[in-house]
Structures are given as structure tokens and as C-alpha cells.
Amino acid sequence: MASSSRNNKKYDVFVSFRGEDTRDNFTSHLYSALCRQNIQTFIDDQLNRGDEISESLVNAIEASAVSVIVFSESYASSRWCLHELVKILECKKEYAQIVIPVFYRVDPSDVRNQTGSFGNLFSKLEESFKENPKKLRSWRNALKEAASLSGFPSQNIRRESDLTNEVVNHILKRLDEVFQPRDNKNQLVGVESTVEEIESLLGIWGIGGIWGIGGIGKTAIARAIFDKISSDFEGSCFLENVRDESQRPGGLACLRQKLLSNLLKDKNVMPYIDLNFRRVSRMKVLIVFDDVTCFSQLESLMGSLDWLTPVSRIILTTRNKQVLRNWVVSKIYEMEALEYHDALELFSRHAFKQNHPDVVYEELSSKVMKYAQGVPLALKVLGCFLYKREKEFWESAIDKLQRILHPTILEVLKISYDGLDDKEKNIFLDVACFFQGEHVNPVMKFFNASGLYPEIGISVLIDKSLIAMDSHKKITVHDLLQELGREIVRQESINPKNRSRLWHHEDIYEVLTYNTGTEKIEGICLDLSKVKEIPLNPNTFAKMRKLRFLKFYSSSFNGENRCKVSHLQDLRFAEVKYLHWHGYPLKSLPSNHSAEKLMFLEVPNSDIEQLWNSVKHYSKLNQLIHAACKKLIAKTLNPTLIPHLNKLVILNLSGSKSLKSLPAGIFNLEFLTELDLSGCSKLKRLPEISSGNIGQLFLSGTAIEELPSSFELLLRLWLLDLSDCKRLKSLPSSLCKLKSLELLSLRGCSNLQRLPDRLA
């Protein structure tokens, strides 16, 4: 069987029929219905025929993917029809041509056995061919074989219009099978379960939404579903690229015309909107609106959903979840990236024209997988880009992709970004450059302090699939979208000193070492483990008047201080709200540093002994984290400091091994929700508690011997970590009154003698 030849057919359907029986009734209706579906159909209208079928007719049969045989009462009385029948069955055997018999007002058994009136008329033809028994035998065998195939007996379908519709729908399904792409590179990969899931949702809900980032495969999935089920509907339309088309002059009007033309199967449909939708309201229809960006587009195209019948179905694809909410979409399907093995197969089909990579390219292909992160668009673009390239080219291209997004991928992903307002764009760029994987609460506070209205902005970014929130309330960004944000910043200037955000160690090294910073710079995030040394100029930050974010961190566990500086003069951090400096090199922050806008201060592994000379600098501090700042907390936390920490949300004193006690008011801070004292190995007791909103308390590795009896006043406490408190002997019975407590860790409490009865 030459199955590959199916896709090279000139005609979709060849119709074999007896003219005098069906030319002016069923066959004409069938032909019109097939033409309305844009099915290329061959039908022979010649009235005068010779003894043998012409060569052109033989060619037409061979050039058709499907043959429909309309058996009628006098079909077998025509030698011409019987010649066609034999040829059709030859093509079925040789080319796997699909054959569909329709038994128009005749019984299939009469055709199969040449009985009844059908057989009588065939017998008359036999008289003329007594001397050619071989031909008669071939006709009889052909009639028997064709009549044994699954077909459509007209007596089972009372109305001729219904018979026509059923035959056409069956032909559509069979043609879909015929023209399924045999070339692997055009086939979808790893989407079968997705198609089935969305299809099942459509069976329950009338409107389904497919939501996800650009290039994730929304259109491909919608098209696969449409191709699979559209034949079950009286009318169907796939409106592709609504976003682009609606931006053209008169674009929405053209889309509406296409919608009505396709649904009504009338290319010349008149522009009477109300009348046409009234006609559609009596039909079972399937509509796909692809890449919708706003609610007004749907309103212009459809008006409302009132005219839809309950059995009609609509699929919307969009990057903006709010569009689906506005259209009251009952069920929203969020597109996810391909699994690794499916992603590798899709990439291989484009890069190697097979389902797997060549052995010598396996490691390089794995690097491409890590970069593309399962996004089909990226996999296809990069596969085509790397096809038939040498290994050296692959290595160079992959290295370049680590810093520069491929232009085609950038163009698609940037569409969602372009639809944001200025504040939303700034939030996205900050997240892409600095806040990947950070908890949303402190990030929201930072954005609020920056005047970016994050309650709205974060919601918009999530709806547009530009960022996401995981189950632990951490902000996540797809790797390609993170690279999009960074590429947008890179395009601000060829020179790093004139960009708004810096994160690459080479760019930061250049700016800081040569002291070329400008007021364009709003944020710096440097991994100190990637540089050998940065000799900071004493007034390095003086020019960066708009600096809001400064983070020097070390991804190495035992990272050392790589910023060599003796003193910082004129340190103007007037706009800085987030300051993290691993191994801060000085003993204190300069006295001329105003902390009025500072909300986050982190100085782990530093030599700092005091922050400022005056407590006034603490007035706006929201989060004070001194991880392993051994010299900062000598023996006790200054009680005079507590009233000035009234905005404190998280206090992390973990690893302060010299800390022996806490001031009495520490638990009374109104906004304090998390207190981390883990590793404070000399802390033996906690102060009495009069009130408090603390939800998480970490005491692991402390010298605590008992908890205060007033512990029951921590009504919002849900996590208490007492692990490795080796001196802890007992727990107060009042602990049982903490109704919010969900997690209690007592691992390693080797001296704990008993638990409260009710707690046990």
C-alpha cells in the first residue's frame, strides 16, 4: 500500500452513480453539500457514454482519496457504472482508497446477491455479455465486495436531507484520517491527553478557555480539537489570530463576515447582522476564537451569547485570563510546558528530521531542552535554526542563547509585555531581573514602596501568564519570560551603565570597577561568587541617584567578601528600599545614610557592629535580617530599639550565638509575624508575653529550658519549631490552648520528659 500517495490526490471524492436514477435528486444534493464543505469532488455529468470508461475517468478515480458509490435500482444495468465499480475496488486494493457505499432505495442484500429488482436489471445486462463470462464474474464479485462494505442504507434514514448530512459528515471524518500529516515534523507531540481533557470539558460546559504564555501551543491544541470534532456540528469556524486581524483597518468587520460565512456555509452572506445571527441561533455550531486580547473584540464579533443553542460550543485561546472571566468562561484550561521526553521528540523532528537526536548531539540537545523549558515555539524555532549545523555552531549558538533571546521567540513573547502599562512593565522587569522564586509578601511591600501598585500589577501579570504563583506563595517566571525581561533591559542601551537594571556579573563588574554608574541604574543584583574581586571606589554609588534595589549575595555556601573597600563616602541611598550585602565590609552604615525609605536590610556574614549612631534611622524599617551577624548582636537586643521597629514584619536573628536574652516588648510588635531565633545557642529563656500576632516561631538549637506560661496568648501561632532544644524539659499545659497551631517540631529534644496530657 502506497499510503504516502494519499496526500497527493487531485480530488477528495469521486462519486459513482446511475444518472437516470439519482442525478437530479440525491447525487445533486450530495455534490452541493460536499462543495459547501470545500471538498474537491469529481462527478461525471456526461449523458452519452460508450462501452468503456474513458481514460480521463480512470485517472479521476485513481486521483481521488475517497470513492462514494451510490447504488440505485438500475445501477447494475449500466456497464459504465460497473466498469467504474471494478476500477474503484482495484484502487481500494492498490492505493488503500476509501470506499463508501450508499444504498439509495435498494436493499444491500439485493446488491450483494444480485436479487430483487436490482438483480433483475442486472440479469438483462448479463444477456449481452454471455460470451464474456470473465467480465460478468468480475462484475458479480465487485458488487458482492462493495455491498459487503459498511455503508448507508437509505431505508434506515427517512429523510433524504438527513442521509446527505450523514454521508458528508462521514466523508469529512474519513478525509481527516487520510490527510493526517504523515511527516513527523508536522505532527503534534505529547498533546493527546490535553485534547481529550479539553474535549471532555466542552462536553459539560458550552464555553472553554485555553490560557497560557505565547508559544506554549494554545492555537495548536485548539486546532487539533476543532479538526477532531467540527464534523459533528452543522456549522463551524476557526477564527485565527483575532489580535492581529482586529488591528487592521476594518479587521473586526472582516472577521465577523468570515465567521458568518463559515457558519452559514455562504461565501456571499449579506451583512445583515441580526438576521444572520438569528439564522445561526437555530444551528449547532462550533467556534474557535484564537488569540483574543480583550473583551471588546468578542463583543464586536458576536454581540452576546444569547443566540447560541445549548448544544453549540465555543473555544477561546488567550494570554489574558481576564478576557475569559469577562466572557464568563466556565472552565479555563491552563496550558503547561511539554514533558522532557515530548519536548526532545518535538525538537528532534525539526533539528534531525527524526524522533530522537543523533547520538553525537545528545548532550547539546539536552542543553537546548534546558533553555527551551518545554515551550513548543522555542523547540521548533531552535530545531529549524540548528538543522544540519556542525557541532561547533551548536556550541556557539547555545552559548549565545544564554545571554540573547532568539529574535523569533522574543517577538512572540513580547506581545504580552507590550500590552502592559508603565507600572506593570516595571514590576515585570523587576521580577525578571531580581525576584524569581521570592515570596510574594515582601516583594509586594517593595513594589508598594516603589509606588507601583502591585495589588493590581501582580494580578495583571498573572492573568497574562507573564508570572505565576506557586503553592508556597513564591513568584515564579518561566525561564524564557525571564530572559524576555532581561533582553528588554539589555535593549535599553548597548552600554550597561545606561541600563535600568544590572544582574550579569560582567556588566556589574565593569560599572563598579571603573565607577561608571549613572542615574539610569535602578537595581543591581550581583552574585559575588562569580567575580574575583571588586575594588569599590569610595563614592561608587554617588551617581546612582535612582537606585532602589541593591543586592550583593553569594551562591557559594562559604562565600567570602569580594568587595574590597575601606570606607564609603557620600553614600547616597536616598531611594534604596532593598539592601542586601553579603559580607558587608565596614563596621557600620555611614551616619549620613538616611534610612527613611529602607524597608529591607540584610547583611549576612558581615563585620558590621552597629547600623547607625541614632535609632531614628530605624523608623521605617520593615524587615531586619541579620543572618549570622555575630558582632551586631553582642549579648542583648537594645530595648530602646523596640519602639522604633513598629513596622517590623520578619525578624531573623538566626545564628546570633552571643544573644542571651530578648527585650520584653519583642512579642508585642503589631506587625511582627515571623521570629527566627534558631541557632541562638546561648538564649535560655523568652520574655513574658502580653499579646502578639506571631504566626511562625523558630527556636531550634537554642538553650531554652521552658516556655513562658503566657505562651497561650500567641493566638495566631501556627508553626512552632523546638527541634534540637536539648535543654527543654517540659511544655506548659497552656500550649493546648493554641487553636491555630498546626506544626510542632520536637525532634532532637532529648531531655523532654513529658508532654501536656491534652497535647499527648
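Among contacts in the chain between residues at least 6 apart in sequence, what percentage join residues at least 24 apart? In this predicted model, the value is 64%.

## The chain as a whole

The chain has 760 residues, and 51% of them count as buried. Its secondary structure comprises 25 helices and 25 strands. The chain exposes about 36,000 Å², of which carbon and sulfur atoms supply 47%.

Two packed helices are described by the angle between their axes and the distance between the axes.

| Helix pair | Angle between axes | Distance between axes |
|---|---|---|
| Helix 6 and helix 7 | about 160 degrees | 12 Å |
| Helix 18 and helix 20 | about 160 degrees | 9 Å |
| Helix 22 and helix 23 | about 120 degrees | 9 Å |

Helix 6 spans residues 116–127, and helix 7 spans residues 133–147. Angles over 145 degrees count as roughly antiparallel, and helix 6 and helix 7 are therefore roughly antiparallel to each other. Their crossing is right-handed. On the side of helix 6, the contact is made by Phe118, Phe122, Leu125 and Glu126; helix 7 contributes Leu136, Trp139, Arg140 and Leu143. Sorted by class, the residues of this contact are 6 nonpolar and 2 charged, with no polar residue.

Helix 22 covers residues 440–449, and helix 23 covers residues 454–463. How are helix 22 and helix 23 oriented to each other? With an angle of about 120 degrees between them, helix 22 and helix 23 are oblique to each other. In this pair, Met444, Phe447 and Asn448 of helix 22 meet Pro454, Glu455 and Ile458 of helix 23. The contact of helix 22 with helix 23 consists of 4 nonpolar residues, 1 polar residue and 1 charged residue.

## Helix 18 and its surroundings

Helix 18 runs over residues 376–386, and its buried residues are Pro376, Ala378, Leu379, Val381, Leu382, Gly383 and Leu386. An α-helix has 3.6 residues a turn, so residues three or four places apart point the same way. Against which helices do the buried residues of helix 18 pack? They pack against helix 16 (340–351), helix 17 (362–372), helix 19 (391–401), helix 20 (407–418) and helix 24 (479–490).

Helix 18 and helix 20 pack at an angle of about 160 degrees, which makes helix 18 roughly antiparallel to helix 20. The crossing between helix 18 and helix 20 is right-handed. Here Leu377, Ala378, Val381 and Leu382 of helix 18 meet Thr408, Ile409 and Val412 of helix 20. By class, this contact has 6 nonpolar residues and 1 polar residue, while charged residues are absent. After helix 18 comes Lys388, which has a positive phi, near 60 degrees.

## A buried arginine

Arg243 belongs to helix 11, which spans residues 242–246. Is Arg243 buried or exposed? A residue counts as buried when its relative accessible area is under 20%; the value for Arg243 is 11%, so Arg243 is buried. Apart from its neighbours within four places in sequence, Arg243 is in contact with Asp290, Asp291, Thr293, Gln297 and Ile415. Arg243 and Thr318 are 75 residues apart in sequence, yet their C-alpha atoms are 9.4 Å apart in space.

Terms used:
Residues numbered from 1 in each chain as written. Predicted model: local features only at pLDDT ≥ 70, side-chain atom pairs only at ≥ 80, totals over all residues. Heavy atoms only, no water. Axes fitted to C-alpha atoms, helices over the stretch in contact; angles between N-to-C directions. Helix = DSSP H or I, 4+ residues; strand = E, 2+ residues; numbered from the N terminus. Parallel < 35°, antiparallel > 145°, perpendicular 65-115°, else oblique. Left-handed = near helix turned anticlockwise from the far one by under 90°. Contact = heavy atoms within 4.5 Å. Nonpolar A, V, L, I, M, F, W, Y, C, P; charged D, E, K, R; others polar. Buried < 20%, exposed > 50% of the residue type's maximum accessible area, 1.4 Å probe, protein only. Areas by Shrake-Rupley, 256 points an atom, 1.4 Å probe, with all protein chains shown as cover.
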